[in-house]
Amino acid sequence: MDYKSSLIQDGNPMENLEKQLICPICLEMFTKPVVILPCQHNLCRKCACDIFQAANPYWANRGGSVSMSGSRFRCPSCRHEVIMDRHGVYGLQRNLLVENIIDIYKQECCSRPLQKGNHPMCKEHEDEKINIYCLTCEVPTCSMCKVFGVHKACEVAPLQSVFQGQKTELNNCISMLVAGNDRVQTIITQLEDSCRVTKENSHQVKEELSRKFDVLYAILDEKKSELLQRVTREQEEKLSFHEALIQQYRQQLEKSSKLVETAIQSLDEPGGAIFLSSAKQLIRSIVEASKGCQLGKIEQGFENMDYFTLDLEHIADTLRAIDFETGEEEEEFIEEENQEEEESTEGREEGHQ
């Protein structure tokens with residue numbers, strides 16, 4: 001709604017303003033709250049609800065259980081099709097500018113003095129028209145009030161000149177308010193766009209960050225599995241060696257136990273001839289068995305697994321130091337590289353000399 005162009009036309013500015021504040025549905029002055037359509041036309045929210053529900057009979061109100069986004073109706077002023085979201089009419093933006101102008105208009109109408117016919121008359125002197133303006137008290141008054149009344153010591157001016165000046169000032173204020181609200185709306189739009197872009201960028205950064213950490217997790221899991229397998233293989237080899245030795249010593253023990261049992265039985269033999277016939281062979285077997293005790297042994301500390309120790313403190317420090325890169329850090333890194341190159345070049349030149 002172009003308030004500036006409408007108000008500066010010839011004629012009564014209050015009448016022109018009132019015409020701009022008429023709802024095209026109810027043909028009455030807008031009733032707050034006032035909603036603004038995407039085509040920039042305004043409606044009372046109640047009137048907008050009526051035509052919206054008439055165009056969408058199956059759409060439930062805010063308290064209902066059904067909410068259909070994509071419902072639509074046409075602007076009664078320009079027939080532009082308005083597509084609603086799931087909030088329906090309650091999702092339309094309120095036009096606070098129009099609501100403020102309505103308040104100003106109503107205040108101006110209430111502050112206008114009583115009129116007799118088409119011209120305001122003085123309250124103190126009912127037969128006198130209000131034709132001057134008291135600059136001291138800032139109120140309209142009549143000539144009798146200036147000559148005999150409460151304003152006789154005040155500074156006054158012709159009503160028409162003050163009227164034209166204040167009308168121009170009000171027009172300027174309205175134009176300034178409209179322009180200011182346009183700027184504010186532009187800023188709001190820019191901030192909303194900035195919020196949306198910020199959310200999108202944050203989502204992308206989070207996704208990339210999660211992907212990079214997932215790669216680190218995968219590398220750590222792979223290395224962990226590899227090292228655990230090496231420890232398991234070493235454990236199995238040592239346990240196999242232990243079990244083989246245990247089996248050898250058990251066999252030796254069983255053999256020795258049988259020889260001991262046989263030797264004890266020979267000692268119980270009363271006959272010398274019978275004893276001597278087997279004693280010599282038995283003694284040789286015992287000697288051989290004693291030599292067989294020299295089986296394999298494990299070295300001291302064989303069971304230790306200390307050589308699988310890992311020193312991960314420097315890696316942990318590196319992980320703790322993970323942070324986002326900044327422009328200052330990149331500049332410092334580039335400066336350090338340049339300094340190292342200069343030192344290397346100077347060293348080579350000195351070597352040639």
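I started with Phe 241, which counts as partly exposed at 36% relative accessibility. I keep in mind that this is a predicted model. Phe 302 also counts as partly exposed, at 22% relative accessibility. That figure sits just on the partly exposed side, because buried means under 20%.

Next I looked up how the rings of Phe 241 and Phe 302 are set against each other: their centres are 5.5 Å apart and their planes are at 50°, so I noted the pair as tilted. Where in the chain do Phe 241 and Phe 302 sit? Phe 241 is in helix α6 (residues 159-267), while Phe 302 is in the loop between α7 (272-291) and α8 (313-320).

I then checked the ring of Phe 302 for charges. The charged end of Lys 238 sits over that ring, 5.1 Å from its centre.

**The other rings**

I found three aromatic pairs in the structure. One of them is Tyr 307 with Phe 308: ring centres 4.7 Å apart, planes at 45°, so this pair is tilted too. I have Phe 308 down as partly exposed, at 25% relative accessibility.

**The core**

I moved on to the largest nonpolar core, which has 28 residues. Which of its residues touch the most other members? They are Leu 21, Phe 30, Leu 37 and Ile 102. The elements giving two or more residues to this core are α2 (13-20), β1, β2, α3 (45-55), α4 (96-111) and α6. Helix α4 gives the most, with five residues.

I followed up Leu 37. Leaving out residues up to four places away in sequence, Leu 37 touches Leu 43, Phe 73, Cys 75, Val 82 and Leu 92.

**Cys 39**

Setting aside neighbours within four places in sequence, I get Cys 75, Cys 78 and His 80 as the contacts of Cys 39. Cys 39 and His 80 are 41 residues apart in sequence, yet their C-alpha atoms are 6.8 Å apart in space.

**Whole chain**

Last, I wrote down the totals. The protein chain has nine helices and ten strands, and 20% of its 353 residues count as buried. Its accessible surface comes to about 26500 Å², with 53% of that belonging to carbon and sulfur atoms. Of the contacts between residues at least 6 apart in sequence, 45% join residues at least 24 apart.

Methods
Residues are numbered from 1 along each chain as its sequence is written. This is a predicted model: local features need pLDDT of at least 70, side-chain atom pairs count only at pLDDT 80 or more; totals for chains, interfaces and linings use all residues. Side-chain values use heavy atoms; hydrogens and water are left out. Contact means heavy atoms within 4.5 Å. Helices (H or I, at least four residues) and strands (E, at least two) are DSSP runs, numbered from the N terminus. Buried means under 20% relative accessible area, exposed over 50%, partly exposed in between (1.4 Å probe, protein chains only). Accessible areas come from the Shrake-Rupley method with a 1.4 Å probe; for residues, only the protein chains shown count as cover. Rings of Phe, Tyr and Trp (its six-membered ring) pair if their centres lie within 6.5 Å; planes under 30 degrees apart count as stacked, over 60 as edge-to-face and the rest as tilted. A charge sits over a ring if NZ of Lys or CZ of Arg is within 6 Å of the ring centre and within 35 degrees of the ring normal. A nonpolar core is a set of buried Ala, Val, Leu, Ile, Met, Phe, Trp, Tyr and Cys residues joined through side-chain atoms within 4.5 Å.
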